[in-house]
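Student: Could you take me through one part of this structure closely? I would like to look at the metal site.

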Amino acid sequence: MSELYPAEVIIDPTTGAVSPATGRYAKYLSELSGIFSNSDAWSRAIQDENDPLVYEVIECKQEGSDLFFGTTTMQPGKIGEEFYMTRGHFHEDRTKGEVYCTLSGQGLLLLEDRQGCCSTVEMRKGSIAFIPPDWAHRSINCGPIPLVFTWVCSVAAGHDYGQILQRGMRKLIVEREGEIEVVTNPKFD
Ligand SMILES: [Fe+2]
């Protein structure tokens, strides 16, 4: 194992920039096939908006550490009545939880356990969300500006996207008549 040293890492709360960063990836709308319930609106938005960026993840990982952290920056937007969201995942290691700390913007963290119990946690500047082990989690930008949050996770947690990509989550976060609503996914009715 390499030797680990204390470090200061600077995070820009409005852009999500991480310095120094060790990795990053971006998700464009065309890469989020099947997660929005209105697939016609999804195809149309890829065409009309020239495949917009939905979110970007930047990480800082020290080789040999048990923990790593980073930011996720989610653009504002909607597909049909659903807000932009992340793919959502369980952790491969079912014993590992995670912590999200919102730096700017406003959104909802949608959670669901293996038995189908659902929960939401508000995401707003200064809020910290605790994600217990073995709860699927997806973040949703419900506001007009980028939603930026820091996450801290075990490097051993891993991602299990399969179940959420195949079945979706039981709740959808939508805007109806200007109100943010948590509604049941018709696939689970
Ligand atoms: Fe996670």
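Tutor: Happy to! Donors are N, O and S atoms within 2.8 Å of the metal (3.2 Å for Na, K and Ca), and since water is not among the atoms, sites may look incomplete. This is a predicted model, in which local features need pLDDT of at least 70 and side-chain atom pairs count only at pLDDT 80 or more, while totals for chains, interfaces and linings use all residues. Residues are numbered from 1 along each chain as its sequence is written, and side-chain values use heavy atoms, with hydrogens and water left out.

Along the sequence, the donor residues of the iron ion follow the spacing H-x1-H-x6-E-x38-H. They are His89 (NE2), His91 (NE2), Glu98 (OE) and His137 (NE2), which coordinate the iron ion at 2.0 to 2.3 Å.

Now look at the angles. The 4 donor atoms subtend 84 to 166° around the iron ion, so the arrangement is irregular. For comparison, ideal angles at a metal are 109.5 degrees for four tetrahedral donors.

Next, how covered are two of these histidines? His89 counts as buried because its relative accessibility is 9%, and His91 is buried too, at 4%. Here buried means under 20% relative accessible area, exposed over 50%, and partly exposed in between (1.4 Å probe, protein chains only).

Terms used. Four donors count as tetrahedral if all angles lie between 85 and 135 degrees; four count as square planar and six as octahedral if opposite donors are over 155 degrees apart and all others between 65 and 115; anything else is irregular.
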